[in-house]
Amino acid sequence: MAEDELVVEEEQDDSIYTESGAVRQELLTNIETAIAANDDVWLRDELAGLHSSELGDVIEALSPDQRLALVGLMKGDFDFAALTEVDEAIRLEIVDQLPNDQIALAVQELDSDDAVYILEDLEEEDQEEILRQLPFTERVRLRRSLDYPEETAGRRMATEFVAVPPFWTVGQTIDYMREDKDLPETFSQIFVIDPGFRLLGAVDLDRILRTQRAEKIESVMHETRHAIPVEMDQEEAAQLFERYDLLSAAVVDENDRLVGVLTIDDVVDVIQEEAEEDIKALGGVGDEELSDTTLEIARSRFIWLLMNLGTAVLASLVIGLFDATIEQMVALAILMPIVASMGGNAATQTMTVAVRALATRDIDIYNAARIIRRETLVGLLNGVMFAILIGILASLWFDNASLGGVIAAAMVVNMLAAALAGILIPLVLDKIGADPAIASGVFVTTVTDIVGFFAFLGLAAWWFALL
(Lines give C-alpha, C1' and ligand atoms only; values in the text may rest on other atoms or scores of the structure.)
Protein backbone atom coordinates (compact mmCIF):
# COMPACT_ATOMS: atom_id res chain seq x y z
CA MET A 1 0.00 0.00 0.00
CA ALA A 2 1.42 3.38 -0.98
CA GLU A 3 2.28 5.70 1.89
CA ASP A 4 0.18 8.52 0.43
CA GLU A 5 -2.91 6.33 0.79
CA LEU A 6 -2.53 6.24 4.56
CA VAL A 7 -3.90 8.80 6.94
CA VAL A 8 -1.00 10.46 8.74
CA GLU A 9 -1.56 10.91 12.45
CA GLU A 10 -1.15 14.46 13.67
CA GLU A 11 0.37 13.36 16.95
CA GLN A 12 2.99 10.68 17.35
CA ASP A 13 1.58 8.49 20.07
CA ASP A 14 2.37 4.86 20.79
CA SER A 15 -1.13 4.28 22.11
CA ILE A 16 -3.77 3.05 19.72
CA TYR A 17 -6.47 4.65 21.88
CA THR A 18 -7.97 8.11 22.11
CA GLU A 19 -8.35 9.86 25.45
CA SER A 20 -11.87 8.42 25.71
CA GLY A 21 -10.55 4.86 25.31
CA ALA A 22 -11.77 4.24 21.73
CA VAL A 23 -9.46 2.91 19.03
CA ARG A 24 -8.01 5.81 17.05
CA GLN A 25 -9.95 6.48 13.87
CA GLU A 26 -6.70 7.13 11.99
CA LEU A 27 -5.50 3.61 12.74
CA LEU A 28 -8.83 2.08 11.74
CA THR A 29 -8.80 4.01 8.48
CA ASN A 30 -5.29 2.79 7.72
CA ILE A 31 -6.26 -0.80 8.51
CA GLU A 32 -9.36 -0.61 6.31
CA THR A 33 -7.25 0.84 3.48
CA ALA A 34 -4.67 -1.93 3.86
CA ILE A 35 -7.36 -4.62 3.86
CA ALA A 36 -8.92 -3.17 0.71
CA ALA A 37 -5.48 -3.18 -0.95
CA ASN A 38 -4.63 -6.70 0.34
CA ASP A 39 -1.51 -5.17 1.88
CA ASP A 40 -0.54 -8.01 4.23
CA VAL A 41 2.97 -6.60 4.72
CA TRP A 42 1.70 -3.34 6.25
CA LEU A 43 -0.79 -5.21 8.46
CA ARG A 44 1.92 -7.49 9.82
CA ASP A 45 4.29 -4.59 10.46
CA GLU A 46 1.69 -2.45 12.22
CA LEU A 47 -0.42 -5.02 14.09
CA ALA A 48 1.84 -7.95 14.87
CA GLY A 49 3.33 -6.05 17.82
CA LEU A 50 0.01 -5.16 19.45
CA HIS A 51 -1.01 -6.71 22.74
CA SER A 52 -3.75 -9.30 22.34
CA SER A 53 -6.28 -7.06 24.12
CA GLU A 54 -5.42 -4.15 21.77
CA LEU A 55 -5.79 -6.37 18.72
CA GLY A 56 -9.11 -7.58 20.14
CA ASP A 57 -10.36 -3.99 20.36
CA VAL A 58 -9.29 -3.38 16.77
CA ILE A 59 -11.17 -6.47 15.62
CA GLU A 60 -14.35 -5.38 17.42
CA ALA A 61 -14.14 -1.96 15.75
CA LEU A 62 -14.04 -3.46 12.24
CA SER A 63 -16.99 -4.72 10.19
CA PRO A 64 -17.60 -8.51 9.99
CA ASP A 65 -16.12 -8.79 6.49
CA GLN A 66 -13.06 -6.79 7.45
CA ARG A 67 -12.43 -8.98 10.52
CA LEU A 68 -12.27 -12.13 8.43
CA ALA A 69 -10.11 -10.43 5.80
CA LEU A 70 -7.71 -9.21 8.49
CA VAL A 71 -7.25 -12.72 9.92
CA GLY A 72 -6.77 -14.13 6.43
CA LEU A 73 -4.17 -11.54 5.39
CA MET A 74 -2.09 -11.80 8.57
CA LYS A 75 -2.06 -15.61 8.38
CA GLY A 76 0.46 -17.06 10.85
CA ASP A 77 1.26 -13.63 12.31
CA PHE A 78 -2.28 -13.21 13.63
CA ASP A 79 -2.35 -13.55 17.43
CA PHE A 80 -5.23 -15.90 18.18
CA ALA A 81 -5.09 -14.85 21.83
CA ALA A 82 -6.88 -11.70 20.64
CA LEU A 83 -9.99 -13.83 20.09
CA THR A 84 -10.21 -14.37 23.85
CA GLU A 85 -10.61 -10.59 24.25
CA VAL A 86 -13.66 -10.11 21.99
CA ASP A 87 -17.37 -10.77 22.36
CA GLU A 88 -18.38 -14.41 22.09
CA ALA A 89 -20.49 -13.71 19.01
CA ILE A 90 -17.53 -12.11 17.20
CA ARG A 91 -15.21 -14.94 18.21
CA LEU A 92 -17.59 -17.58 16.88
CA GLU A 93 -18.19 -15.54 13.73
CA ILE A 94 -14.46 -15.59 12.97
CA VAL A 95 -13.63 -19.12 14.09
CA ASP A 96 -16.57 -20.65 12.22
CA GLN A 97 -15.17 -19.25 8.96
CA LEU A 98 -11.65 -20.57 9.49
CA PRO A 99 -10.50 -24.06 8.45
CA ASN A 100 -9.88 -26.42 11.35
CA ASP A 101 -6.27 -27.04 10.35
CA GLN A 102 -5.53 -23.30 10.69
CA ILE A 103 -7.13 -23.26 14.14
CA ALA A 104 -5.12 -26.36 15.12
CA LEU A 105 -1.87 -24.62 14.18
CA ALA A 106 -2.90 -21.49 16.06
CA VAL A 107 -3.91 -23.12 19.36
CA GLN A 108 -0.51 -24.81 19.58
CA GLU A 109 1.00 -21.35 20.04
CA LEU A 110 -1.44 -20.38 22.80
CA ASP A 111 -1.41 -20.99 26.52
CA SER A 112 -3.67 -23.90 27.38
CA ASP A 113 -6.27 -21.70 29.11
CA ASP A 114 -6.56 -19.48 26.03
CA ALA A 115 -6.74 -22.52 23.75
CA VAL A 116 -9.60 -23.97 25.83
CA TYR A 117 -11.38 -20.60 25.74
CA ILE A 118 -11.42 -20.72 21.95
CA LEU A 119 -12.20 -24.44 21.57
CA GLU A 120 -14.99 -24.69 24.14
CA ASP A 121 -17.53 -22.82 22.00
CA LEU A 122 -16.95 -24.93 18.87
CA GLU A 123 -19.11 -27.84 17.80
CA GLU A 124 -17.96 -31.16 19.24
CA GLU A 125 -17.05 -32.50 15.78
CA ASP A 126 -14.84 -29.49 15.08
CA GLN A 127 -13.23 -29.80 18.52
CA GLU A 128 -12.32 -33.42 17.89
CA GLU A 129 -10.95 -32.71 14.42
CA ILE A 130 -8.75 -29.92 15.77
CA LEU A 131 -7.56 -31.97 18.75
CA ARG A 132 -6.57 -34.88 16.50
CA GLN A 133 -4.12 -32.59 14.73
CA LEU A 134 -2.31 -31.61 17.93
CA PRO A 135 0.72 -33.34 19.50
CA PHE A 136 -0.30 -36.13 21.88
CA THR A 137 0.64 -34.41 25.15
CA GLU A 138 -1.08 -31.15 24.25
CA ARG A 139 -4.14 -33.01 22.95
CA VAL A 140 -4.52 -34.90 26.24
CA ARG A 141 -4.18 -31.74 28.33
CA LEU A 142 -6.72 -29.77 26.32
CA ARG A 143 -9.21 -32.61 26.16
CA ARG A 144 -9.00 -33.05 29.92
CA SER A 145 -9.64 -29.34 30.47
CA LEU A 146 -12.60 -29.41 28.07
CA ASP A 147 -14.08 -32.35 30.01
CA TYR A 148 -14.46 -30.24 33.15
CA PRO A 149 -17.78 -28.39 33.62
CA GLU A 150 -18.09 -24.87 32.26
CA GLU A 151 -17.31 -21.96 34.59
CA THR A 152 -15.14 -24.12 36.88
CA ALA A 153 -11.50 -23.80 37.85
CA GLY A 154 -10.70 -26.72 35.54
CA ARG A 155 -11.91 -24.76 32.52
CA ARG A 156 -10.04 -21.62 33.57
CA MET A 157 -6.74 -23.13 34.66
CA ALA A 158 -3.53 -23.27 32.67
CA THR A 159 -1.94 -26.70 32.48
CA GLU A 160 1.54 -25.21 32.05
CA PHE A 161 3.30 -24.87 35.40
CA VAL A 162 6.63 -25.50 37.10
CA ALA A 163 6.76 -28.43 39.54
CA VAL A 164 9.79 -29.96 41.28
CA PRO A 165 10.37 -32.68 43.90
CA PRO A 166 11.08 -31.65 47.51
CA PHE A 167 14.57 -33.18 47.58
CA TRP A 168 15.93 -30.91 44.83
CA THR A 169 18.18 -28.08 45.88
CA VAL A 170 17.54 -24.47 45.08
CA GLY A 171 20.48 -24.60 42.67
CA GLN A 172 19.02 -27.55 40.79
CA THR A 173 15.70 -25.75 40.54
CA ILE A 174 17.28 -22.57 39.16
CA ASP A 175 19.25 -24.56 36.58
CA TYR A 176 16.10 -26.42 35.58
CA MET A 177 14.22 -23.16 35.03
CA ARG A 178 17.09 -21.79 32.94
CA GLU A 179 17.55 -24.84 30.75
CA ASP A 180 14.10 -26.33 30.17
CA LYS A 181 12.51 -24.84 27.05
CA ASP A 182 9.00 -26.13 27.73
CA LEU A 183 8.29 -24.08 30.86
CA PRO A 184 5.56 -21.41 30.78
CA GLU A 185 6.68 -17.93 29.72
CA THR A 186 5.61 -16.32 33.00
CA PHE A 187 5.06 -17.76 36.46
CA SER A 188 5.40 -16.55 40.05
CA GLN A 189 5.40 -19.84 41.97
CA ILE A 190 7.11 -23.20 41.81
CA PHE A 191 5.01 -26.10 43.06
CA VAL A 192 6.42 -29.01 45.04
CA ILE A 193 5.05 -32.49 44.32
CA ASP A 194 5.67 -36.07 45.42
CA PRO A 195 6.24 -38.98 42.96
CA GLY A 196 2.47 -39.41 42.62
CA PHE A 197 2.10 -35.75 41.57
CA ARG A 198 0.30 -34.94 44.82
CA LEU A 199 0.76 -31.34 45.85
CA LEU A 200 3.05 -30.84 48.85
CA GLY A 201 3.67 -27.12 48.80
CA ALA A 202 4.92 -24.15 46.83
CA VAL A 203 7.85 -21.76 46.71
CA ASP A 204 7.62 -18.15 45.57
CA LEU A 205 10.23 -17.03 43.08
CA ASP A 206 11.48 -14.25 45.34
CA ARG A 207 12.22 -16.84 48.03
CA ILE A 208 14.19 -18.91 45.51
CA LEU A 209 16.30 -15.91 44.52
CA ARG A 210 17.11 -15.05 48.15
CA THR A 211 18.14 -18.59 49.18
CA GLN A 212 21.52 -20.28 48.89
CA ARG A 213 21.86 -22.85 46.09
CA ALA A 214 22.59 -25.73 48.48
CA GLU A 215 19.31 -25.39 50.39
CA LYS A 216 16.72 -28.12 49.80
CA ILE A 217 13.39 -27.07 48.34
CA GLU A 218 11.51 -28.79 51.15
CA SER A 219 13.20 -26.49 53.66
CA VAL A 220 12.04 -23.28 51.95
CA MET A 221 8.63 -24.31 50.63
CA HIS A 222 5.37 -23.35 52.31
CA GLU A 223 2.20 -25.40 52.41
CA THR A 224 -0.35 -24.40 49.78
CA ARG A 225 -3.26 -23.60 52.03
CA HIS A 226 -5.39 -22.31 49.19
CA ALA A 227 -5.26 -25.10 46.63
CA ILE A 228 -8.37 -24.93 44.45
CA PRO A 229 -10.43 -28.06 43.65
CA VAL A 230 -10.65 -28.55 39.91
CA GLU A 231 -14.46 -28.47 39.88
CA MET A 232 -14.83 -25.41 42.13
CA ASP A 233 -16.99 -22.70 40.58
CA GLN A 234 -14.86 -20.00 39.03
CA GLU A 235 -16.59 -17.30 41.07
CA GLU A 236 -15.70 -19.06 44.32
CA ALA A 237 -12.11 -19.41 43.12
CA ALA A 238 -12.00 -15.69 42.37
CA GLN A 239 -13.23 -14.96 45.90
CA LEU A 240 -10.29 -16.94 47.30
CA PHE A 241 -7.91 -14.79 45.26
CA GLU A 242 -9.59 -11.66 46.59
CA ARG A 243 -9.67 -12.86 50.19
CA TYR A 244 -6.04 -13.99 50.39
CA ASP A 245 -4.45 -11.58 47.87
CA LEU A 246 -3.18 -14.42 45.69
CA LEU A 247 -1.23 -14.02 42.45
CA SER A 248 -1.58 -17.68 41.51
CA ALA A 249 -3.00 -20.84 43.03
CA ALA A 250 -2.58 -24.55 42.41
CA VAL A 251 -5.54 -26.49 41.01
CA VAL A 252 -5.86 -30.07 42.26
CA ASP A 253 -8.09 -33.01 41.39
CA GLU A 254 -10.09 -35.17 43.82
CA ASN A 255 -6.88 -37.03 44.80
CA ASP A 256 -4.97 -33.80 45.56
CA ARG A 257 -2.84 -34.25 42.47
CA LEU A 258 -1.62 -31.06 40.80
CA VAL A 259 -3.37 -30.60 37.44
CA GLY A 260 -3.03 -26.89 36.72
CA VAL A 261 -2.64 -23.35 37.96
CA LEU A 262 -4.97 -20.36 38.14
CA THR A 263 -3.34 -16.97 37.72
CA ILE A 264 -4.49 -13.49 38.60
CA ASP A 265 -4.97 -12.41 34.96
CA ASP A 266 -7.57 -15.14 34.47
CA VAL A 267 -9.22 -14.33 37.79
CA VAL A 268 -9.57 -10.65 36.85
CA ASP A 269 -11.47 -11.78 33.75
CA VAL A 270 -13.68 -14.00 35.90
CA ILE A 271 -14.48 -11.16 38.32
CA GLN A 272 -15.39 -8.88 35.43
CA GLU A 273 -17.52 -11.53 33.73
CA GLU A 274 -19.40 -12.42 36.92
CA ALA A 275 -20.06 -8.78 37.79
CA GLU A 276 -21.24 -8.11 34.24
CA GLU A 277 -23.43 -11.20 34.36
CA ASP A 278 -25.11 -10.03 37.58
CA ILE A 279 -25.71 -6.53 36.24
CA LYS A 280 -27.23 -7.88 33.03
CA ALA A 281 -29.37 -10.36 34.93
CA LEU A 282 -30.75 -7.60 37.16
CA GLY A 283 -31.73 -5.69 34.03
CA GLY A 284 -33.25 -8.73 32.36
CA VAL A 285 -30.92 -8.73 29.35
CA GLY A 286 -29.43 -12.20 29.86
CA ASP A 287 -26.02 -12.86 28.32
CA GLU A 288 -26.46 -10.71 25.24
CA GLU A 289 -23.46 -8.98 23.68
CA LEU A 290 -23.18 -5.68 21.81
CA SER A 291 -22.35 -7.64 18.68
CA ASP A 292 -25.58 -9.72 18.79
CA THR A 293 -28.15 -9.29 16.03
CA THR A 294 -31.45 -7.48 16.48
CA LEU A 295 -33.39 -10.75 16.40
CA GLU A 296 -31.15 -12.40 19.01
CA ILE A 297 -31.46 -9.46 21.39
CA ALA A 298 -35.23 -9.22 20.94
CA ARG A 299 -35.58 -12.96 21.64
CA SER A 300 -33.41 -12.83 24.78
CA ARG A 301 -35.38 -9.92 26.25
CA PHE A 302 -38.82 -11.25 25.34
CA ILE A 303 -39.17 -13.69 28.26
CA TRP A 304 -38.24 -11.04 30.82
CA LEU A 305 -40.69 -8.55 29.35
CA LEU A 306 -43.37 -11.24 29.24
CA MET A 307 -42.88 -11.89 32.96
CA ASN A 308 -43.15 -8.17 33.65
CA LEU A 309 -46.35 -8.06 31.62
CA GLY A 310 -47.75 -10.72 33.93
CA THR A 311 -46.88 -8.67 37.03
CA ALA A 312 -48.41 -5.57 35.44
CA VAL A 313 -51.65 -7.49 34.84
CA LEU A 314 -51.71 -8.53 38.52
CA ALA A 315 -51.28 -4.89 39.56
CA SER A 316 -54.09 -3.88 37.19
CA LEU A 317 -56.38 -6.48 38.76
CA VAL A 318 -55.73 -4.91 42.15
CA ILE A 319 -56.63 -1.51 40.74
CA GLY A 320 -59.78 -3.00 39.25
CA LEU A 321 -60.96 -3.98 42.72
CA PHE A 322 -61.25 -0.28 43.59
CA ASP A 323 -62.75 1.08 40.38
CA ALA A 324 -65.72 2.53 42.26
CA THR A 325 -63.41 4.36 44.65
CA ILE A 326 -61.39 5.79 41.77
CA GLU A 327 -64.61 6.99 40.09
CA GLN A 328 -65.46 8.97 43.23
CA MET A 329 -62.14 10.82 43.16
CA VAL A 330 -60.09 11.13 39.98
CA ALA A 331 -57.15 12.42 42.04
CA LEU A 332 -56.49 8.83 43.14
CA ALA A 333 -55.66 7.81 39.57
CA ILE A 334 -53.25 10.73 39.33
CA LEU A 335 -51.44 9.92 42.56
CA MET A 336 -51.33 6.09 42.25
CA PRO A 337 -48.16 5.89 40.15
CA ILE A 338 -46.23 7.94 42.72
CA VAL A 339 -46.69 5.35 45.47
CA ALA A 340 -45.83 2.40 43.23
CA SER A 341 -42.88 4.14 41.61
CA MET A 342 -41.29 5.19 44.89
CA GLY A 343 -41.69 1.69 46.27
CA GLY A 344 -40.21 0.13 43.14
CA ASN A 345 -37.15 2.38 43.19
CA ALA A 346 -36.56 1.84 46.91
CA ALA A 347 -36.85 -1.93 46.47
CA THR A 348 -34.43 -1.89 43.53
CA GLN A 349 -31.84 -0.08 45.66
CA THR A 350 -32.10 -2.66 48.43
CA MET A 351 -32.24 -5.58 46.00
CA THR A 352 -29.10 -4.44 44.15
CA VAL A 353 -27.12 -4.25 47.38
CA ALA A 354 -28.46 -7.64 48.52
CA VAL A 355 -27.76 -9.45 45.24
CA ARG A 356 -24.22 -8.13 45.04
CA ALA A 357 -23.56 -9.02 48.69
CA LEU A 358 -24.81 -12.55 48.05
CA ALA A 359 -22.58 -12.84 44.99
CA THR A 360 -19.52 -11.80 47.01
CA ARG A 361 -20.60 -13.88 50.04
CA ASP A 362 -20.73 -10.78 52.26
CA ILE A 363 -24.12 -11.88 53.62
CA ASP A 364 -24.12 -15.04 55.71
CA ILE A 365 -26.08 -16.68 58.50
CA TYR A 366 -24.30 -14.55 61.11
CA ASN A 367 -25.09 -11.09 59.76
CA ALA A 368 -28.31 -11.67 57.79
CA ALA A 369 -30.61 -10.69 60.69
CA ARG A 370 -28.67 -7.48 61.33
CA ILE A 371 -28.82 -6.49 57.66
CA ILE A 372 -32.55 -7.23 57.47
CA ARG A 373 -33.15 -5.02 60.52
CA ARG A 374 -31.02 -2.26 59.03
CA GLU A 375 -32.83 -2.30 55.68
CA THR A 376 -36.19 -2.35 57.45
CA LEU A 377 -35.27 0.75 59.47
CA VAL A 378 -33.95 2.46 56.32
CA GLY A 379 -37.23 1.74 54.54
CA LEU A 380 -39.25 3.01 57.49
CA LEU A 381 -37.18 6.18 57.84
CA ASN A 382 -37.33 7.02 54.13
CA GLY A 383 -41.01 6.13 54.11
CA VAL A 384 -41.78 8.63 56.87
CA MET A 385 -39.76 11.41 55.25
CA PHE A 386 -41.29 10.96 51.80
CA ALA A 387 -44.74 10.50 53.36
CA ILE A 388 -44.47 13.96 54.86
CA LEU A 389 -43.36 15.44 51.52
CA ILE A 390 -46.01 13.78 49.36
CA GLY A 391 -48.70 14.30 51.99
CA ILE A 392 -48.13 18.04 52.03
CA LEU A 393 -47.87 18.16 48.21
CA ALA A 394 -51.11 16.19 47.68
CA SER A 395 -52.97 18.28 50.26
CA LEU A 396 -51.99 21.54 48.56
CA TRP A 397 -52.40 20.17 45.04
CA PHE A 398 -55.98 18.92 45.48
CA ASP A 399 -56.91 21.09 48.48
CA ASN A 400 -57.76 17.93 50.40
CA ALA A 401 -55.98 17.19 53.68
CA SER A 402 -57.61 13.76 53.95
CA LEU A 403 -56.17 12.72 50.59
CA GLY A 404 -52.74 13.90 51.73
CA GLY A 405 -53.01 11.75 54.85
CA VAL A 406 -54.07 8.69 52.86
CA ILE A 407 -51.18 8.87 50.40
CA ALA A 408 -48.75 9.57 53.25
CA ALA A 409 -49.86 6.42 55.08
CA ALA A 410 -49.68 4.38 51.87
CA MET A 411 -46.16 5.68 51.22
CA VAL A 412 -44.95 4.48 54.61
CA VAL A 413 -46.52 1.04 54.06
CA ASN A 414 -45.09 0.60 50.56
CA MET A 415 -41.59 1.85 51.40
CA LEU A 416 -41.49 -0.59 54.31
CA ALA A 417 -42.73 -3.41 52.08
CA ALA A 418 -40.16 -2.42 49.44
CA ALA A 419 -37.29 -2.65 51.93
CA LEU A 420 -38.42 -6.07 53.17
CA ALA A 421 -39.00 -7.41 49.66
CA GLY A 422 -35.67 -6.05 48.42
CA ILE A 423 -33.69 -7.92 51.08
CA LEU A 424 -35.82 -10.99 51.81
CA ILE A 425 -36.63 -12.09 48.25
CA PRO A 426 -32.95 -12.38 47.17
CA LEU A 427 -32.13 -14.20 50.43
CA VAL A 428 -34.97 -16.70 49.97
CA LEU A 429 -34.14 -17.30 46.31
CA ASP A 430 -30.48 -17.88 47.18
CA LYS A 431 -31.50 -20.27 49.95
CA ILE A 432 -33.57 -22.45 47.60
CA GLY A 433 -30.83 -22.49 44.97
CA ALA A 434 -32.27 -20.00 42.48
CA ASP A 435 -30.14 -17.19 41.05
CA PRO A 436 -31.28 -14.04 42.90
CA ALA A 437 -29.81 -11.81 40.19
CA ILE A 438 -32.15 -13.26 37.58
CA ALA A 439 -35.33 -13.86 39.55
CA SER A 440 -35.43 -11.10 42.18
CA GLY A 441 -36.49 -8.24 39.93
CA VAL A 442 -39.80 -9.73 38.85
CA PHE A 443 -40.87 -10.69 42.37
CA VAL A 444 -39.79 -7.40 43.92
CA THR A 445 -41.63 -5.38 41.26
CA THR A 446 -44.76 -7.46 41.83
CA VAL A 447 -44.67 -6.89 45.58
CA THR A 448 -44.16 -3.13 45.40
CA ASP A 449 -46.80 -2.61 42.72
CA ILE A 450 -49.45 -4.72 44.39
CA VAL A 451 -48.74 -3.49 47.93
CA GLY A 452 -48.50 0.12 46.76
CA PHE A 453 -51.81 0.10 44.86
CA PHE A 454 -53.61 -1.97 47.47
CA ALA A 455 -52.40 0.19 50.38
CA PHE A 456 -53.25 3.48 48.67
CA LEU A 457 -56.61 2.50 47.20
CA GLY A 458 -57.57 0.37 50.20
CA LEU A 459 -56.88 3.17 52.65
CA ALA A 460 -58.70 5.64 50.39
CA ALA A 461 -61.77 3.35 50.17
CA TRP A 462 -61.77 2.84 53.95
CA TRP A 463 -61.39 6.55 54.65
CA PHE A 464 -64.09 7.67 52.23
CA ALA A 465 -66.42 5.03 53.67
CA LEU A 466 -66.03 6.67 57.06
CA LEU A 467 -66.88 10.13 55.76
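In what order do the three strands of the open sheet that holds β1 stand? They stand in the order β1-β2-β3, and the pairing in this sheet is mixed. Before I go on, a word on what we are looking at: this is a predicted model, in which local features need pLDDT of at least 70 and side-chain atom pairs count only at pLDDT 80 or more, while totals for chains, interfaces and linings use all residues. Residues are numbered from 1 along each chain as its sequence is written, and side-chain values use heavy atoms, with hydrogens and water left out.

Helices here are DSSP runs of H or I with at least four residues, strands are runs of E with at least two, and both are numbered from the N terminus. Two strands pair if DSSP finds at least two bridges between them.

Back to the sheet with β1. The strands β1 (163-164) and β3 (199-204) stand at its edges, each with a single partner strand, so one side of each is left without a neighbour in the sheet. Strand β2, residues 189-193, runs antiparallel to β3 and is joined to β3 by five bridges, and Val-192 stands opposite Gly-201 in β3.

Another open sheet has three strands in the order β4-β5-β6, with mixed pairing. At its edges stand β4 (228-229) and β6 (258-263), each with a single partner strand, so one side of each has no neighbour in the sheet. Strand β5, residues 248-252, pairs with β4 in the parallel sense over two bridges, and here Pro-229 stands opposite Val-252 in β5. With β6, in contrast, β5 pairs in the antiparallel sense over five bridges, and the bridge partner of Val-251 in β6 is Gly-260. The hairpin of β5 and β6 has five residues between the strands, and in this hairpin Asp-256 takes a positive phi near 65°.

How many residues of β5 are buried? Five of the five are buried, so β5 is largely enclosed by the rest of the structure; buried means under 20% relative accessible area, exposed means over 50%, and partly exposed lies in between, with a 1.4 Å probe and protein chains only. In a regular strand the side chains alternate between the two faces of the sheet. In β5, Ser-248, Ala-250 and Val-252 point one way, Ala-249 and Val-251 point the other way, and all are buried.

Turning to the helices, α7 (residues 112-119) is mostly covered, since eight of its eight residues are buried; among them are Asp-113, Asp-114 and Tyr-117.

Helix α6 (residues 100-107) packs with helix α8 (residues 124-132) at an angle of about 60°, their axes being 9 Å apart; axes are lines fitted to C-alpha atoms, for helices over the stretch in contact, and angles run from 0 to 180 degrees between N-to-C directions. The two helices, α6 and α8, are therefore oblique to each other, given that angles under 35 degrees count as roughly parallel, over 145 as roughly antiparallel, 65 to 115 as roughly perpendicular and the rest as oblique. In their contact, meaning heavy atoms within 4.5 Å, Asn-100, Ile-103, Ala-104 and Val-107 in α6 meet Asp-126, Glu-129 and Ile-130 in α8.

Finally, the axes of helix α18 (residues 331-359) and helix α20 (residues 401-431) come within 8 Å and cross at roughly 25°, and α18 and α20 are therefore roughly parallel to each other.
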